Every structure is written in structure tokens, then in C-alpha cells.
Amino acid sequence: MAEHEPSRPKGAFDHRLKRMREHGLKPEYRREETEAQQNRYINCGWGRLVFANTYHDTEKLVEVLRDEGPDRRDIAFYVRDPHVLVGSAPQELFLDPSHTFRLDLATYRPARSRRKGFTVRRLSSRSDAEAINELYITRGMVPVPPEFFWSELDPRTMTVLVAEEDDSGLIVGTAMGVDHNRATDGADHGGSLWCLAVSPQARFPGIGEALVRRMAEVFKGKGIPHLDLSVLHDNDLAIGLYEKLGFERVPYFTVKRKNTFNEALFAGPAVEDKLNPYATIIVNEARRRGILAEIIDAEGGFFRLSYGGRSIACRESLSEFTSAVAMSLCDDKAATRRIVKRASVEVPDQIKADSPDEVAAFLEKHGSVVVKPARGEQGKGIAIDLTTLDEVMAAIDVAKTYSSDVLIEEFVTGQDLRLVVIDYKVVATALRKPAEVTGNGRATIQELIDNQSRRRSAATGGESKILVDDEVRRCVSASGFELDDVLPEGRKLPVRRTANLHTGGTIHDVTGETHHTLIDAAIKAARAIEIPVTGIDLMVKDPRQPEYRFIEANERPGLANHEPQPTAERFIDFLFPLSVPQSVRTSLSRVGT
């Protein structure tokens, strides 16, 4: 006699049925499913969300994942047997190393008070869509074709939220939600949250939490029983937020197709050693092209790239193609100024701080000055907008701790513009804004600075922090406050005058609107120094206007944080032109002629 499958105890079946109903899933009675409820997926713009729990044929699920569009990222969610699915196509599919979390909307309670400084609302305009794509690119996510939001998105099935700063109107966060009941024709009754992204330049805390809460409230109002999401297993900050809001981990799995977007998830971390973001962005781009990357010293950001017969040692964006002479010129700010001035680049007035009498006369002539070390980087030892001789002499003493030679420079009002020049072409321009905090009427200025510093550090991999020093104290005092004072609600307070990323500054891309005179000045300066890769800093009234003054050149410009501009790609193009596809090289050659 043939053996029969052992019967299951009725109690075990009832318990399993109860658990499925608690999770909003229908029992697996295939005869109850309509044809419209089977093999369901929904296009989310960045890719398709595939409801694997509606597929009963593994091969059909494999086929739909194989049909992933170019430059898209499909996600198979609620995979019942991930080992079977991946085993069916191990060269093409992989088990995503993410956890699934669930929020029970029946017991969820909204926050007692709303966060201030920004508003969470629905997507409502093309400019919103463009801002969402900028956020996606900034956070390394797949952008959505702009027309998708207007021609394909069904607002009854998909909810797209944005967080908008109240004073500036900037979009600083977004999230997307999917109503599973509508997407699957009733096969699944839940909902899910995707694409939560917050700008690294965001000035207010709690944006991510506000977006998640608003999405939960929207779906709770629609009668959806729960909200699910998928988060990388090592994203401790995000997991901490979700657990704080009441999400609990549930045993559901996600499978994806192997593609360039997902490479780090199935091929392991891009780099084995802990590199800073400026080295990491270059090494990752090199590895994507099949260029060998050897880490020489992770802490210092040193690595070697090899491709074909060429091998090049780098320290972040500083390579063997930058000569020692060019590097020495950039290090000596007085020499840099003399060289670029001879190339007809506009420069501010400047003297060395050798004589107190000359310093006093210079201050009297200009009214306000900048004190900075003749050598140095990352904004260390720089004091700006000094108007009294006592302030200047004190700043000179601080600057001398970084360099024996100190410069006094005419203070030029305006905005700090960084232009990244690679192979004597400007590939990115960005306004660099000094660190500032916004009062909430409760926290002291010291607490606001500490909170802002933590957010900036988290957003930049530890590279951007606000160190409370004499410059911070002077800025706070100049505005009539002390560090222990409570800043009034909505009051903005600059806490530094220098706009360097390392001291808490933020970077805002303006590449598409920079005046050609400013671009020409940056290229002139780079050619005068004979440095192929550099960051040229100009003080400008407005990036769309031609007025400027040259401030300095950086021989090792940070290529991270310039999204959406492809700075790392252009750097690798410069080092290894043969790694660029032939079709692209031909196109660039035609443009050059």
C-alpha cells in the first residue's frame, strides 16, 4: 500500500488558521481564490512589488522576476519557501538579507503632538516628483521615471508622502505605501511601507518618524489591519525607529533578482575595510567596473586601483596624477592666491599676520577680516567676519596652532560655492552652508547643537560634526545668546561661519544653475595650479550671477555628498578611460569635437 501523508491534529490547523487571520492573510484554500487574485504584482515606478503569497507555481514566480525591467529593482515579498525559490534559479536570485516588521494598526495610537518645522503631505506636483527622485538618488535608491507619478500611479492603491520644510519649501523626506487589498484584488488585506528616505541636509529631527506615522494613520483610516516593511538586518537606526513605533518582527522573507543595484547584498560588502565615505564612493565605483581595488590603509583612505596594465595609488580623490608641486601650491594658500591671480582669477585682498600694526591697518581698511592658517584643510583654525583687533589677535593665536604662518584676508560677504574640477572640467557645483540650529522653545542651544551634530554624523558616516569651540561660542554670542540659553521656537541660529562639511556644514547641489563665468574661473584656477582634480572654493553673491572671489583650492576634494552629480564616475573615467564603455567614449569624443 502506498503511504499517506500523516493527518494533522485539528488543534494545530486551527492555530495556524488563527495566525494567518491575525496577519491579514487568507488561508491557502486555492479553490477559494479567483483568477484575478493569483500571480499579483504592482508597478511602483522603481520596480515591481511582487506578492509572492499569490503565486502557487514556483516557476511562474521565477519567470516574473526574470522579467525585471532595465535599471529597475523588483521585490518578491512574502515568499513562503525562499530556499525553494532561490534554489530554482541560484544564478539569478538571492535571499534578501532584510527583516520584515509589522505594525498592528488596530492597536496603533497616533503621536500626541506633531513635529514642528515641517509638514507631511501627499505628493501633489511635478516639482514634488523631481524632489523625490533627488532624494532617492542621494540615498542610493532607484529613481522613478517622472511620468510614472502622473500616468501610472493609482492614488487609491499607492500613497506617496513628502515632508516639506515650512520656511524654505524644500522636500526633505518621502515615503511610499501600498494598499495590498486593492493591489491583489483582496488576496492580501494588509499594507506595506517602502522607500522611506530623509535628506542628509534635513535641519529638523523626527522627519522619518513623522512620515511613518502619517502612513500608518492613512492606512488605519482605510481599515487596513497592519502595515509591513522590509529593512536591512544591519540598519540599526531604522530598526530602532520602527521598534519605537510598535513594529514587531514577523517571519516573512524577500527574494530579489541579482542586478547592479543589489550587488552589495549578494556579493558581500563593497569594501572589506572601514573606509571613510570619500574613499568608499570611489572604490565602489571602481569595483562596479571590474577594476581591482586593494586597500593600502583604510584609516588614512589609501588604496590602489588596477585595471589592464595600469595601477594607480590614491588617497581618496588624490591620485598619482596630482604632482607634488601642485599639492604644495594648494597647501600654501598665499602661493595659491598669487598663482591664480596671475591667471586673471579674482581674489580678495590679503596679508600675512607678521606685524600687529599692519594687521590693525588692514582691519581698519576693510572693516571685517578672515583669519586662517596659511596651511591646513577642513576649515580648521579659520575665523570669519572679525571686526575688532582683540578678536583678530585671539584668532591669530588659534590659527598658529595649525600653521606657523597665518593669513589675514578681506572678508567677502556672500555664499560659499564649491566647484569640483576633474580633468579640467567642472563636474559638480554646490553651495556649502554653515551649520545652524533651529529653536523649538524647549532645548538649550547646546542641546540643539549636540542633536544636530548627531544627525549630521549619521548622515555622513561620521564625517560631519559640530565641535563646540571658540568659533562656535563667538557665533552664538554675536547673536546675543549663550550655549545654556533656550532658543525660541522657529528661531534660526548660525553656530559656525565656515561652511566646511567636516564642521557641520551642509552641501546643496546647484550644478545646473551655475553661471558660466564661475565655471570658467574654476577651470582657469585649476589650469594655473596644473592640478587635474581639485575643489575650487569661490565666494559668490549668487551661483547664477558672475560676481565672485577665489578663496582656495583643495587638492583632495570630497566626492561624496555631491548627489546627484556623478563625481566618482568622472574620477574613475579620468583614471581609467578604457573602463568606460566604447559607446560612451565615442559619444564623448563627438561632443568634444
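**Figure 1. Where helix α13 meets helix α14.** V359, A360 and L363 of α13 touch L389, V392, M393 and I396 of α14 in this predicted model, contact meaning heavy atoms within 4.5 Å. Sorted by class, the residues of this contact are seven nonpolar, no polar and no charged (Ala, Val, Leu, Ile, Met, Phe, Trp, Tyr, Cys and Pro count as nonpolar, Asp, Glu, Lys and Arg as charged, and the others, Gly among them, as polar). Helix α13 covers residues 356–366 and helix α14 residues 389–399; their axes come within 10 Å and cross at roughly 125 degrees. That angle makes α13 oblique to α14 (under 35 degrees is roughly parallel, over 145 roughly antiparallel, 65 to 115 roughly perpendicular, the rest oblique). Axes here are lines fitted to C-alpha atoms, for helices over the stretch in contact, with angles running from 0 to 180 degrees between N-to-C directions. The α13 and α14 crossing is right-handed, so the near helix is turned clockwise from the far one by less than a right angle.

**Figure 2. Helix α12 packed on helix α17.** Here α12 (residues 333–342) and α17 (residues 516–529) pack at about 115 degrees, with axes 9 Å apart. That puts α12 roughly perpendicular to α17. On the α12 side, look for T336, I339 and V340; on the α17 side, A525, A528 and I529. The tally for this contact is five nonpolar, one polar and no charged residues. The crossing of α12 and α17 is right-handed.

**Figure 3. H562 in its loop.** H562 lies in the loop between β27 (548–554) and α18 (567–575). The H562 residue is buried, at 3% relative accessible area (buried means under 20%, exposed over 50%, partly exposed in between, with a 1.4 Å probe and protein chains only). Neighbours within four places in sequence aside, H562 contacts R418, V420, A428, A430, I507, D509 and T567.

**Figure 4. Stepping back to the whole protein.** There are 19 helices and 27 strands, taken as DSSP runs (H or I, at least four residues, for helices; E, at least two, for strands) and numbered from the N terminus. Buried residues account for 50% of the 593 residues. Of the contacts between residues at least 6 apart in sequence, 69% join residues at least 24 apart.

**Notes.** Residues are numbered from 1 along each chain as its sequence is written, and side-chain values use heavy atoms, leaving out hydrogens and water. Because the model is predicted, local features need pLDDT of at least 70 and side-chain atom pairs count only at pLDDT 80 or more, while totals for chains, interfaces and linings use all residues.
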